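Here are my notes on this structure, written as numbered points so that you can follow each of them on the model. Please keep the sequence beside you as you read.

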Amino acid sequence: MARRQLTRRQSWRIEKIQEERAARAAKRESRLIEELEGGDLGPERTGLVIAHFGVQVEVEADDGDWTGQVCRCHLRANLPALVTGDRVVWRAGNQGGGVIVAQLPRRSELCRPDMRGQLKPVAANVDQIVIVFAPLPEPHANLIDRYLVAAEHAGIHPLLLLNKADLVNEENAAGLDALLATYKRLGYPLLEVSARQGAGMQELQAALDGHVSVFVGQSGVGKSSLVNSLLPGVDTRVGALSEQTGKGMHTTTTARLFHFPGGGELIDSPGIREFGLGHVSRADVEAGFIEFRDLLGHCRFRDCRHDREPGCALLKALEEGRIQPQRMASYRHILASLPEPEY
């Protein structure tokens, strides 16, 4: 059954109720912190946020005798919002639990839009974004390119991953081959796996080791199945495709960090249909298409929009086959989705 669209008033009411609940939770949390700090707290230690539960987080200690131990911690009110992957300074309480006293600088952050369309971080210190797609639901180059632009903008290394490779057949093989060929020519790393059959999973594990990775992609592409295969014993719910739409229903609800045996980590984050790129400029989008980089600045007109202007370096490259039509179409589609001042 298709989801019912909420009216603006309904969305406002839901948001107001959530804000009131958050305020009540913050008051309770403040009282708990006062109780904790009223007693003796342990020395300051560093740790890693491995899960986020509203006004509390789970912190894994990474120094001294506490290394590897997990503690549920409260957040001081003067701290910025924390997300999974953040490194923090915390102090343990005598009666269990602890208090976060500082957030350490982030190397990177991954964001998505909230109900208001404003970008909020969902994961921190990620250095590899695994863009997952599959034969079903049908992959769209525009969505993949949005992920790539966002990864380039955030300075995070992308890895393209075709899951459910066992579903490739005579009907979809040609289209998939053409799609993959485009990204291979651009030099993007690309793997083909089947979480269900196990094909290619060792190569994927090797690509994940030593990195802090996050899986992104539209729902139904098998992100939860991949996590279950990579981390046996971790029960991430798996959702089926909607028979009406051919799209999946999101199943993961809380961002959590897991450790791989080879030393890398995975942040299993809630499904993201598409990145919010409203915060980027036209120049950021252009820089996100790596084949444009050597051409930018070589158009006849400084304010060239690469549409129909004479002397456009990008249009010339498109005619000569150095830019693929699919990529140019994605570029224009992304620009059209930006707020008017940025376009």
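1. Asn125 counts as buried, since its relative accessibility is 6%, and the cut-off for that word is a relative accessible area under 20%. The residue is found in the loop between strand E7 (119-124) and E8, and its phi is near 60°, a positive value in a residue other than glycine. Please keep in mind, here and in every point below, that this is a predicted model.

2. Most residues other than glycine have a negative phi, and most peptide bonds are trans. Lys164, although it is not a glycine, has a positive phi of about 55°, and its place is in the loop between E9 and helix H3 (173-185). The peptide bond that runs from Leu136 to Pro137 is cis, with omega near -5°, and Pro137 is found in the loop between E8 and H2.

3. For the overall picture, the protein has eight helices and 13 strands, and of its 343 residues 45% count as buried. When contacts with a separation of 6 or more are considered, residues 24 or more positions apart account for 64% of them. The protein exposes about 18,300 Å², and carbon and sulfur atoms supply 49% of that area.

4. Empty space inside the model is the next topic. Rolling a probe the size of a water molecule over the atoms shows where empty space is left. The structure holds one cavity of 30 Å³ or more, and about 40 Å³ of space lies in the largest cavity. Its lining consists of Val132, Phe133, His140, Leu143, Ile144, Tyr147, Gly217 and Gln218, and these residues divide into five nonpolar, three polar and no charged. Strand E8 (128-133) and helix H2 (141-154) each supply at least two residues of that lining, while H2 gives the most, with three residues.

5. Ile144 deserves a point of its own, as it is one of the residues that line the largest cavity and it lies in helix H2. Is Ile144 buried or exposed? With a relative accessible area of 4%, Ile144 is buried, because a residue under 20% is given that name. Not counting residues up to four places away in sequence, Ile144 touches Ile131, Phe133, Leu160, Leu179 and Tyr183.

6. Trp90 lies in strand E4 (residues 87-92) and is buried, with a relative accessible area of 0%. Gln103 lies in strand E5 (residues 98-103) and is partly exposed, with a relative accessible area of 26%.

7. Trp90 and Gly47 are 43 residues apart along the chain, and their C-alpha atoms are separated by 7.1 Å. For Gln103 and Ala81, which are 22 residues apart along the chain, the C-alpha separation is 9.3 Å. Leaving aside its neighbours within four places in sequence, Gln103 is in contact with Leu79, Pro80, Ala81, Leu82, Asp86, Arg87 and Val88.

Notes: Residues numbered from 1 in each chain as written. Predicted model: local features only at pLDDT ≥ 70, side-chain atom pairs only at ≥ 80, totals over all residues. Heavy atoms only, no water. Helix = DSSP H or I, 4+ residues; strand = E, 2+ residues; numbered from the N terminus. Buried < 20%, exposed > 50% of the residue type's maximum accessible area, 1.4 Å probe, protein only. 1 Å grid on protein atoms, 1.4 Å probe; cavity = no way out; pocket = protein on both sides within 12 Å on 5 of 7 lines; lining within 4 Å. Points joined across faces, edges and corners; volume = space filled by probe spheres on them. Nonpolar A, V, L, I, M, F, W, Y, C, P; charged D, E, K, R; others polar. Contact = heavy atoms within 4.5 Å. Areas by Shrake-Rupley, 256 points an atom, 1.4 Å probe, with all protein chains shown as cover.
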